[in-house]
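Good morning, and thank you for coming. I would ask you to look at the sequence and the structure together as I go through them.

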Amino acid sequence: MAAWLVRRVAASIAIVLAVVTLTFVLVHLAPGTPFLPPPETPADPAVTARLRAQFHLDEPIPVQYIAYLGQLARGNLGLSFALRRPVADALAEAVPNTLLLAGAALLLDFLLGLALGVYQALRVHRLPDIILGNATLFIYSFPTFWLGLILVLVFGEWLRWFPVAGVGDPVLCPAADSLRCVIDRLWHLTLPALTLGLVGAAGTARFQRAAMLEVAGQDYIRTARAKGARERRVVLRHQLRNALLSFITRFGLAFPFLLTGAVLIETIFAWPGMGRLATDAILRRDYPVVTAAALLASTLVVLGNLLADVLLAVADPRLRVPAHA
Amino acid sequence: MTLPTWLALLVALALAGAAARAVRRRFFRHPTATWGVGILAFFAIVAVAAPLVAPFDPREQLDIIRLKNQPPSWTYMLGTDVYSRDLWSRVVFGARVSLVVGGLGTLVAVTLGATVGAVAGYYRRWADAVLMRGVDVGLALPRIFVLLMAIALWDRLSLPVLVLTIGLTSWFGTSRLVRAEVLSLRERDFVAAARALGAGPARVILRHVLPNAAAPIIVSATLGIGNVLLLEAGLSFLGIGVAPPTASWGSMIADGAPTLATAPWTTLFPGLAIALVVMALNAVGDGLRDALDPRREDT
């Protein structure tokens with residue numbers, strides 16, 4: 001297990017490094033350069049040249065790449081061109097917002113999705129299952145940004161129950177430091193989290209229903225029934241526990257969603273998170289921010305896979321044996 | 001309201017009905033799959049016959065003063081948008097963009113994924129190791145960021161390049177799936193027989209191995225079209241997908257968003273079109289999976 005874990009971690013680091021390299025090459029190859037003055041306010045070429053030299057943009061790309069890796073190894077993500085401050089600071093501001101939004105969405109996704117999927121499996125081919133099956137199929141097919149707009153229309157414009165932009169009231173609650181302001185944050189969180197969570201929950205419900213039904217046909221379920229276990233015990237202890245194994249993989253795959261799943265929703269709800277930071281950075285040719293965002297996102301992908309594999313090994317004794325997976 | 005619109009609807013319904021009646025095989029035991037076929041048929045007919053079905057030119061601003069954001073009526077079936085363009089005509093022409101991008105993008109992705117997966121699974125050893133480590137990296141790439149970079153940095157991409165870019169970033173999952181299938185298929189007797197008869201690797205892969213892996217590939221392709229379609233809509237919504245004034249469902253939603261409260265139909269209908277097509281694709285994909293894979297009975 002230990003050797004397996006070491007190998008997996010090493011492979012994960014290699015993958016992240018490859019993603020960083022690819023991103024680095026891609027942004028530097030693209031036409032257009034940072035510090036190009038807008039056409040309406042032409043700047044002195046000497047100023048532009050000095051700025052480019054200051055950020056070592058006048059050096060060959062391989063030299064820049066080596067220098068970047070050197071900085072990265074020391075934990076330094078560099079300076080943002082556009083924001084004129086350390087990339088780490090900008091990330092430290094944006095990441096918690098995205099984690100809050102995507103975390104709340106995933107929570108709703110998994111809790112509601114699991115509950116619906118299990119419920120449907122228990123009522124399979126009966127009316128509740130058919131109604132929920134069609135509803136989840138429909139909602140699962142929504143473009144999230146469109147559902148976001150519909151929710152804004154209904155709950156923001158017509159009913160006026162929830163605010164439709166920002167993480168909190170900028171005047172009354174600039175920081176979540178009192179109970180009232182924490183409630184204000186949650187109030188602002190409702191619509192964007194609901195948007196992402198509902199579409200996700202529909203997918204999870206469909207997945208979980210299928211997983212439950214697949215397990216239902218297994219011999220050990222028949223054995224459990226045959227030995228006289230009560231239906232409730234069969235479903236919860238035998239069927240659900242085994243169906244949760246495939247859910248763990250889904251959980252691992254959903255991990256990167258914490259960072260990248262919210263890009264469109266952050267645009268709609270003016271949510272100052274990673275998606276908007278990265279999008280702005282790409283449009284402004286802010287190389288260090290773009291590379292750092294790719295670094296974070298790919299780290300979450302490999303972390304999610306790793307976590308799912310470890311959790312599976314813990315949950316499923318059959319998987320503990322192979323040392324060379 | 002135009003006659004061809006009703007005709008398209010009728011033909012689609014008839015197709016779905018006929019299919020459900022005539023073919024009593026596994027696929028159409030899925031009630032939703034039958035509906036999916038009908039919905040897809042409707043949008044396919046509408047897309048092909050767009051000039052006949054659309055009562056107006058989708059780009060024409062009919063009367064920017066008096067016909068802006070008109071609610072649905074007999075003349076303007078789904079209303080007009082903020083530039084006084086007929087929404088139904090734009091939805092009709094948008095179907096072309098969405099179906100073409102979804103279909104071709106998936107074709108690129110599946111072709112690439114099947115090739116890489118088949119080569120990795122058939123040759124194993126270093127080819128497998130190299131290709132699959134590459135796929136690992138591809139799966140770890142934040143796709144939305146990569147697409148944003150490609151599209152935003154290289155300015156606006158033409159439609160073929162957009163399709164290619166989406167296809168090139170969407171094949172990693174398929175290649176894993178195909179590799180797994182090929183790994184088990186290559187050990188089967190009929191592959192050994194083909195090889196014994198002197199068939200070269202290319203022939204064995206194309207004629208013997210891949211056709212037997214067709215079922216999961218077709219299913220994942222069907223579901224993939226919906227994903228690509230949603231991706232294109234998202235990019236167009238951000239204003240970096242299909243260039244205006246070409247009608248695309250994603251950019252139509254973006255056009256409608258600022259007047260969401262006063263003219264909700266401009267946002268509602270294009271999104272509904274996306275949801276319907278993606279739902280139909282998912283339903284058909286489910287039906288195909290159950291029909292093609294006898295092991296997955298009735299889920």
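This is a predicted model: local features need pLDDT of at least 70, side-chain atom pairs count only at pLDDT 80 or more; totals for chains, interfaces and linings use all residues.

Leaving aside residues up to four places away in sequence, B:V209 touches B:A118, B:Y122, B:V182, B:L185, B:R186, B:V191 and B:V204. B:V209 belongs to the largest nonpolar core, which has 156 residues. It is listed there among the residues with the most contacts inside that core, together with A:V290, A:A293, B:F145, B:L229 and B:I274. Another core lies apart from this one; it has nine residues, including A:V118, A:A121, A:M212 and A:V215.

I turn now to the contact between the two chains. Chain A gives 41 residues to it, and chain B gives 34. On the side of chain B that touches chain A, at least two residues each come from helix 5 (125-140), helix 6 (143-153), helix 11 (214-237) and helix 13 (265-292) of chain B. Of these, helix 13 gives the most, with eight residues. By type, that side of chain B comprises 26 nonpolar residues, seven polar and one charged.

Finally, consider A:R74, which sits in the loop between helix 3 (61-73) and helix 4 (87-122) of chain A. Is A:R74 buried or exposed? A:R74 counts as exposed, because it has 7 C-beta neighbours inside 10 Å, and the cut-off for exposed is 12 or fewer.

Methods: Residues are numbered from 1 along each chain as its sequence is written. Chains are lettered from A and ligands numbered from 1 in the order in which they are written. Helices (H or I, at least four residues) and strands (E, at least two) are DSSP runs, numbered from the N terminus. A residue is buried if 20 or more other C-beta atoms lie within 10 Å of its own, exposed if 12 or fewer, and partly exposed in between; C-beta atoms are placed from the backbone. A nonpolar core is a set of buried Ala, Val, Leu, Ile, Met, Phe, Trp, Tyr and Cys residues joined through C-beta atoms within 7 Å. Two residues are in contact if their C-beta atoms, placed from the backbone, lie within 7 Å. Ala, Val, Leu, Ile, Met, Phe, Trp, Tyr, Cys and Pro count as nonpolar, Asp, Glu, Lys and Arg as charged, and the others, Gly among them, as polar.
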